[in-house]
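Please read these points with the structure open beside you. They go through the strands and then the core.

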Amino acid sequence: MTSPIVGTWSYRSFLNNADLDLEFNNLRFGAGTLEITEPERGIVAGSLGGTGWSLGLQGWLSSGNPGTIRFQGSGDIGGEHWVYDYLGFLSPHWPNGVDQVPSIVGTIVRTAPHSNGNAPAGFVASWYAVKQ
């Protein structure tokens with residue numbers, strides 16, 4: 001049986017900033033298409049990317065309650081090697097939900113620095129993805 005996490009997702013990530021006066025668009029960290037495959041039971045592969053960038057994914061998933069996915073994305077972008085780690089949880093199905101679309105919510109950490117030190121390792125953001 002294929003995991004409900006497998007598939008194509010619209011991905012967005014956001015800065016973790018508690019300032020409610022900050023314009024919503026100023027919270028944007030990233031956006032792209034998340035492709036998740038399961039080449040072996042419990043093993044994750046795929047890609048996350050957009051125009052001009054792409055990260056290859058490797059990791060695992062479990063079908064608990066909630067379903068959990070953990071993967072690392074890495075790739076060469078603009079002559080630099082980018083590495084990010086992701087943890088996500090499949091949102092539960094609401095019995096009284098209307099037009100609910102599967103979604104994953106989670107957190108991301110920059111594992112390796114890039115952009116000549118302007119993007120330091122250890123930076124944390126939040127992400128979510130909605131199944132296409």
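**Notes on the strands and the core**

1. The strands involved are β7 and β8, which pair in the antiparallel sense over 7 bridges. Keep in mind throughout that this is a predicted model.

2. What do the 8 strands close into? They form a barrel, in the order β1-β2-β3-β4-β5-β6-β7-β8, and the pairing is antiparallel. From one strand to the next, the twist averages 30 degrees.

3. Look next at where β1 meets β8. These two strands pair in the antiparallel sense over 7 bridges. Ser13 stands opposite Trp127 in β8. Trp127 returns in point 7.

4. Strand β2 covers residues 28–40 and strand β3 covers residues 43–50; the two pair over 6 bridges in the antiparallel sense. Find Leu34 and look across to β3: the residue opposite is Leu48.

5. Between β4 and β5 there is a hairpin, and 5 residues join the two strands. The pairing of β4 with β5 is antiparallel and runs over 7 bridges. Within it, Leu57 stands opposite Gly73 in β5.

6. How many residues lie between β5 and β6 in their hairpin? There are 2, and Gly78 in the turn has a positive phi of about 60 degrees. The two strands pair in the antiparallel sense over 10 bridges. One of the pairs to check is Asp76 with its bridge partner in β6, His81.

7. Now the core. The largest nonpolar core has 22 residues, and those that touch the most other members are Leu34, Ile36, Ile69, Tyr86, Ile104 and Trp127. At least two residues of this core come from each of β1 (7–15), β2, β3, β4 (53–62), β5 (68–77), β6 (80–90), β7 (103–112) and β8 (124–131). Which strand gives the most? That is β6, with 4 residues. In soluble globular proteins, nonpolar side chains tend to be buried together.

8. Neighbours within four places in sequence are left aside here; beyond them, Ile69 is in contact with Ile5, Ile36, Val44, Trp60, Leu61, Tyr86, Leu87, Gly88 and Ile104. Ile36, Tyr86 and Ile104 are also among the core residues that touch the most other members.

Technical notes. Residues are numbered from 1 along each chain as its sequence is written. This is a predicted model: local features need pLDDT of at least 70, side-chain atom pairs count only at pLDDT 80 or more; totals for chains, interfaces and linings use all residues. Side-chain values use heavy atoms; hydrogens and water are left out. Two strands pair if DSSP finds at least two bridges between them. Axes are lines fitted to C-alpha atoms, for helices over the stretch in contact, and angles run from 0 to 180 degrees between N-to-C directions. A nonpolar core is a set of buried Ala, Val, Leu, Ile, Met, Phe, Trp, Tyr and Cys residues joined through side-chain atoms within 4.5 Å. Buried means under 20% relative accessible area, exposed over 50%, partly exposed in between (1.4 Å probe, protein chains only). Contact means heavy atoms within 4.5 Å.
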